[in-house]
Amino acid sequence: MSKEMKANNTNKRLHNVHLLKPGEYYLQGSQACIEGAIMAGCRVYGGYPITPASEIMEYASRRLPQVGGRFIQMEDEIASASLLIGASWGGAKALTATSSPGFSLMQEAISIAIMSETPMVIIDVQRPGPGQGYITASQEDVMQARWGHHGEGSIIALAPSSVQEMFDMTIEAFNLSEQWRTPVLVMAEEPVAHMRERLLIPPWNEIEIIDRKKPQDLGIMPENYLPWGHDIVAPMANWGEGYSVNFVGLVHLEDGNITKYGPQMHYDCIERLFRKIEGNVNEIARIETKFLEGCKNLVICYGCVARTAIEAVIEARKEGGLDVGYLRLITLWPFPQERLRDIVGNVNTIFVPEMNLGMMKHPITEALRDRFKKIVSIPSLGVLHSPEYILSKIYEEIR
Amino acid sequence: MNKLWIDERYCKGCLICVDVCPAKAIKASKEINDWGYILPTEDDMNGCKACGLCELMCPDFAIAIEEVDE
Amino acid sequence: MKKHPMLKYLKEEGPLGQRMPLILCPGCGSGQILNYTLHAVDRIMNKDKIRKENFLFISGVGCSARLTSHYLNFDSAWTIHGRTLAIATGSLLANPAFKIIVFTGDGDTGSIGGNHFIHACRRNIDVTILCINNGVYGMTGGQVAPTTSVGTITTTTPYGNIEEAFDLCKLAETAGASYVARWTTAHPHQVIKSIMKGLRKKGTAFIEILSQCPVHNKLSPVTMLKKLKESTIQISKEKESSEGETLIGEFCDLDKPEWNESYQKLIDQFDHEEGKS
């Protein structure tokens, strides 16, 4: 790298006087998210205002110059998502936050990020739709997260359910994006972004930060470097490092050649993208369970609905005497089908409370197809389920 | 006399070089190659002063002038 | 066999096979503009002692964009239609030392990329935008573009275009670009000088280059180059114009604060001494 490129590189070392020191804090979810991002090394933010995600951007505008990063409010969401691609290939970890209508606009950029294997993180603070949408709670983008981008390939999507998780899982999102060279989505909801809770920041040396593999570290010289080769997750040389990387956004050979097209080349290129994520689902996906062993009924939930669902499950077991288990999807995509089949035995009824009309119910049904007698959606549109509401639906069905 | 080199792998016979040469030292050849292009070729190279205009205006990087000291 | 002097900046071959010849049609102006750009970059590298790894070429989609598809022996990006300037902004935020050249077309700049274009100029980010204006959507088959003149028959205006054309240079100047110029592919030395000026300037340099599309105009490249020369007139000679020729030349050349320069002041107000873990 040339001297002036090195001197101007936005990447700053992790330990910086303006990062939050280890300890207890009382922060909003939006703020915790940005604190997690800058702890993970994010130094570029480009966004566009949209309720209920604007607080994330406002907080970023204040914190980023403090830690030597750069913040910009772009002209629309399409520009924000495109900016992440340029920033990531320019060598920085980059973040944006939006809500559902903006998320729809970002799909083309997400698509090209998947194709070019660009690490980047997008926070989607979901709001109900369709259309302009209302500004309250929703989980209506969980399918769009997986299938919204055009084309094949796969993506990673996480669902935080507390302020602590907004911090921890934003760091996890950056780590996953760097490790697997993919865009990662953090599917938050309005309650989680706006609530204020206790945040615990551990000692800095206990926080794992993962950076992208570099060809320089593997001893691969520019003349032998294949930008999308060498391994299932290719080492990534950024622009400005002397590797003359030709970024392309469509089917290519491992060296970036786009002329030698053929059906087999097309298949090989796309299938590797798919397998890179889906084939490593056991390493990527996380699940949380409680009371699962031998339970007769099961509540499967994710995001902030998990906060009220666990209350309902505890109450159903204590007061109702019902044998109900609890399973929380921490990672929505890639969907951990095989893991679910490994840990869930035969149950009578599965309850899926969601802030939509039943979206994650579908991959759950597919995964546990022969393990249940009945699967029941508990939808709630525009408002977070209360524990009483979920409990009443459980009682209606099985008491 | 300077020498004209045409890279037959890249030349697409647009003949811009023939038109811009101030010394009229390049002409279209009489042959069509396998791609269907009529390639340029040396005409009277005595006037060529290696001004570089043909190299500058070529869209395909297919031409080069070799200066030969006499 | 003596090779073209600018081939050292291109990848004729990659590790997995042949990349050249350029995919462009015979006589395409885009190829000439690539040639002029490489001449300009070559001179900047030698005169200003700037290293190759500082340069970054970004393009969107279209005939103009194919220049970066996999030919350049520099860092390059062939990205999504119209979003090149947002991507360039991202790269500059990651590292302000990049010398970015954006290849874009009249549709890529004036149509789908319009919003990003005016905001990039407004912010005066440090890019050199080369707008290859051939007055039509070439790659997709010859549809009307926002720069197509009234009356032109294209595949989507079979009865003649009824819309006025953008003056992209006026748009850039009004939006706030520091350096705005228009030339044609028939003015190689002027194009090279403008590109060098743009690369040296801290701020948005917008250089529109009127270019020939021989295929969609059904004219030979040589004829079209002659037409480009005859139908344009330098702004200094505007008074001598009588037939509505297009003005070419440098329209503005200002010194204005560049985005990263201004933002650096925000960063500098905080103390950034590295703390201990």
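Reader: What is the strand order in the open sheet of five strands, and what kind of pairing does it have?

Author: The order is 10-12-11-14-15 in chain A, and the pairing is mixed. Before we go on: this is a predicted model, where local features need pLDDT of at least 70 and side-chain atom pairs count only at pLDDT 80 or more, while totals for chains, interfaces and linings use all residues. Residues are numbered from 1 along each chain as its sequence is written, with chains lettered from A and ligands numbered from 1 in the order in which they are written. Helices (H or I, at least four residues) and strands (E, at least two) are DSSP runs, numbered from the N terminus.

Reader: How do you know that the span of helix 15 of chain A agrees with what it should be?

Author: The expected span is 1.5 Å times one less than the number of residues. Helix 15 has twelve residues (387-398), so it should span 16 Å, and its end C-alpha atoms are 16 Å apart, which agrees.

Reader: Which residues of helix 15 of chain A are called buried?

Author: I390(A), L391(A), K393(A) and I394(A). Buried means that 20 or more other C-beta atoms lie within 10 Å of the residue's own; exposed means 12 or fewer, and partly exposed is in between, with C-beta atoms placed from the backbone.

Reader: Why do you say they line one face of helix 15 of chain A?

Author: Seen down the axis, the buried residues fall within an arc of 160°, so they line one face. The arc is that of the directions from the helix axis to the C-beta atoms. On the face turned away sit the exposed residues E388(A) and E396(A).

Reader: What makes strand 7 (residues 183-189) of chain A mostly covered?

Author: Seven of its seven residues are buried. P183(A), L185(A), M187(A) and E189(A) are on one side, with V184(A), V186(A) and A188(A) on the other. In a regular strand the side chains alternate between the two faces of the sheet.

Reader: Which strands pair with strand 7 of chain A?

Author: Strand 5 (residues 120-126) pairs with strand 7 in the parallel sense over seven bridges, and V125(A) stands opposite A188(A). Strand 6 (residues 156-158) is also parallel to strand 7, over three bridges, with I156(A) opposite V184(A).

Reader: How many residues of chain A are in contact with chain C?

Author: 60 residues of chain A are in contact with 47 of chain C; contact means C-beta atoms, placed from the backbone, within 7 Å. Helix 4 of chain A gives the most to that side, with nine residues. Chains A and B, however, do not touch, and their nearest C-alpha atoms are 15 Å apart.

Note on methods
Pairing = 2+ DSSP bridges. Contact = placed C-beta atoms within 7 Å.
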